[in-house]
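Here are my notes on the aromatic side chains, as you asked. Have the model open while you read.

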Amino acid sequence: MSETSQFGLLTKKRLLPLFVTQFFGAFNDNIFKSALTVIFVFSLLVPDEHEDLYVNLATALLILPLFLFSATAGTLADHYEKSRLIRYVKIAEIGIACLISVALYTRQVWLLLVVLFLLGTQSAFFSPLKFSILPQHLRESELIGGNGVVEMGTFVAILVGTIIGSVVAGMDDQSSIALALTVMIITAALIGYSASLAIPEAVSVYSGNPGWNPIKETIGLIKLASERKAVMRSILGVSWFWTLGAVYIAQFAKLTEEHLMGAPLVVPVLLGIVTISIALGSITCEWLSGRRIEIGLVPVGAFGVSVFGIDFFFAVESITATETRGLIEFLSVAGSYRVLVDMAFIGFFLGLYVVPLKTLIQARTPLDRRARVIAANNVINALCIVLGSVLSIVWLTVFNFSIPTLLLIMVLINIGVCIYIFVQVPEFTLRFVVWMLSHSLYRIRHTGIEKVPDRGAALIVCNHVSYIDALVLAGAVKRPIRFIMAKDIYDAPVLNYLFRTARTIPIYPKHKDEAAYSNAFVEIREALEAGDLLCIFPEGVLTQDGELGEFKSGVLKILEDYPVPVIPSALKGLWGSFFTHSGKGLWKGSLRLWSRIEVVISDAISTDNLSIDGIKNSVASLRGDAR
């Protein structure tokens with residue numbers, strides 16, 4: 001199975017049928033939901049004083065099935081072959097589409113809400129299938145791009161469905177509304193089912209028996225997802241993404257009517273901008289991450305959402321209240337473009353935020369439980385979104401506060417949620433620093449990175465040029481690296497936090513603290529026995545002149561205790577930078593922005609008759625004349 005770019009995947013059977021199936025499923029969810037929202041807000045179907053209640057109730061009913069049925073859906077997805085289950089779900093969607101037709105023609109509010117709930121139920125069974133099947137059909141290096149494309153397709157479908165649903169529901173003739181929506185929803189369901197017939201098989205490896213008690217299974221799902229801290233915190237991050245998005249989108253119609261003084265046509269414009277921006281942010285992840293699972297993008301996305309979310313509040317408040325404006329009139333109002341720009345950046349940074357989190361959940365969850373963990377994500381998603389809907393109802397109808405203040409409160413909560421996640425899993429912070437380093441101070445070229453094994457214990461040996469050597473290597477190699485470094489470098493201000501986050505093993509000179517020296521080797525052996533990837537700088541100290549120094553014998557002691565593959569590497573181009581001993585005193589090198597540096601890695605060398613000189617010569621040959 002060859003490696004393919006994210007858009008190249010759309011030409012492959014491994015992704016295209018699933019992409020089409022997902023696209024038209026998301027289209028149906030949103031064309032009906034958006035049409036229902038516009039009907040509630042701009043028609044006489046419900047009393048004006050109950051509009052907020054029905055709009056938020058519709059959001060809750062679409063999401064509630066995820067909470068109720070995800071446990072069963074995840075268990076089934078792990079237990080049975082996935083492509084066949086997807087086809088069963090799509091057949092059910094065709095039946096629901098026909099029932100939607102009846103609800104639209106009768107215009108019974110209770111029936112409209114019931115079919116919305118059924119549509120959400122169908123989505124609840126589809127979600128763990130679509131996300132758990134991706135890692136079975138894609139390579140890990142394709143996973144970030146594949147997720148980005150699926151997210152892009154999802155939000156384009158949301159955009160198209162929302163715009164069409166809003167425009168059609170805004171027509172005057174009720175029969176025409178029902179006919180147009182019926183034809184489109186049934187057609188989309190049929191196309192989705194047809195595409196699902198081409199999805200390749202994805203066999204189950206789960207040997208347990210399916211459980212049918214939803215409460216017991218849901219509790220079990222949460223416990224299962226909680227076994228891995230980074231996965232669970234990523235689930236919380238994804239759930240917050242959907243909560244924030246659901247609250248924003250649910251309020252757009254009323255926000256447009258009451259605060260932007262816009263006509264119904266302004267609603268799809270706002271939704272179009274934010275959804276296209278999320279799609280762009282999603283597909284940008286592959287480029288920004290270098291086709292790796294780069295959770296360093298998550299803090300970037302969270303920060304951007306917060307900054308532009310706060311500005312969005314002030315932008316909305318600056319719009320003057322007059323009579324209802326059409327689209328052209330709205331665009332001519334002072335401050336309207338500020339609103340649109342804020343929405344665009346909020347969407348873009350949301351895309352950067354969510355794709356790495358979803359990919360991490362998929363990649364770090366074993367195949368035999370992946371669908372159930374994704375189902376646990378859906379349960380928590382649903383719970384958080386329902387709580388968001390409840391908060392919206394209470395804020396707007398009980399306390400009678402404004403929609404802009406609701407959105408501001410959500411952004412402020414966003415800051416707190418993100419701080420909690422980043423504190424609980426410092427890996428996010430570490431990867432953020434590494435990503436910023438490699439995309440601001442330096443232009444880093446990688447050679448031979450693929451020679452680092454994907455799993456299993458190994459020892460990288462590298463020259464030691466700067467205080468940030470560990471961060472540069474950590475940003476280059478796809479696997480997490482545990483570094484072995486001198487205690488004085490490990491204790492460097494600010495960097496110490498990052499080194500501790502990366503579970504660095506500090507080592508003292510034997511003559512200074514023999515007990516600590518021995519304890520470090522015990523920790524090294526335990527790490528290798530656990531299959532960790534370690535890296536040591538055999539020189540022990542930073543170079544004083546840019547040249548290779550003497551390699552210490554500690555590397556041989558490590559291999560004597562636990563022989564593992566030795567992977568030579570070299571850093572080129574760092575000498576003379578701010579973080580080296582170039583010039584007078586500590587950190588007196590120049591701060592050369594966007595300077596070129598290179599990480600070079602060669603094949604593992606044989607441990608037979610391995611010598612310090614042999615290791616040094618291997619590193620020296622990679623380094624060449626560069627410093």
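How many aromatic pairs does the structure hold?

1. The structure holds 17 of them. A pair here means rings of Phe, Tyr or Trp (its six-membered ring) with centres within 6.5 Å; planes under 30 degrees apart are stacked, over 60 edge-to-face, and the rest tilted. Keep in mind that this is a predicted model, where local features need pLDDT of at least 70, side-chain atom pairs count only at pLDDT 80 or more, and totals for chains, interfaces and linings use all residues. Residues are numbered from 1 along each chain as its sequence is written, and side-chain values use heavy atoms, with hydrogens and water left out.

2. Take Tyr248 and Phe312: the ring centres are 6.1 Å apart and the planes sit at 40°, so this pair is tilted. Tyr248 belongs to helix α8 (residues 229-258) and Phe312 to helix α10 (residues 297-317), so the pair links distant parts of the chain, 64 residues apart. Helices (H or I, at least four residues) and strands (E, at least two) are DSSP runs, numbered from the N terminus. Tyr248 and Phe312 are both buried (under 20% relative accessible area, 1.4 Å probe, protein chains only; exposed is over 50%, partly exposed in between).

3. Phe483 and Phe537 are stacked, at 6.2 Å centre to centre with 5° between the planes. Phe483 is in strand β3 (residues 481-486) and Phe537 in the loop between β5 (533-536) and α20 (554-561), so the pair ties together parts 54 residues apart in sequence. Both Phe483 and Phe537 are buried.

4. One aromatic cluster is formed by Phe308, Phe345, Phe348 and Phe349.

5. Now for charges over rings (NZ of Lys or CZ of Arg within 6 Å of the ring centre and within 35 degrees of the ring normal). Lys90 lies over the face of Phe126, 4.7 Å from the ring centre. Lys557 has its charged end over the ring of Phe521, at 5.1 Å from the centre.
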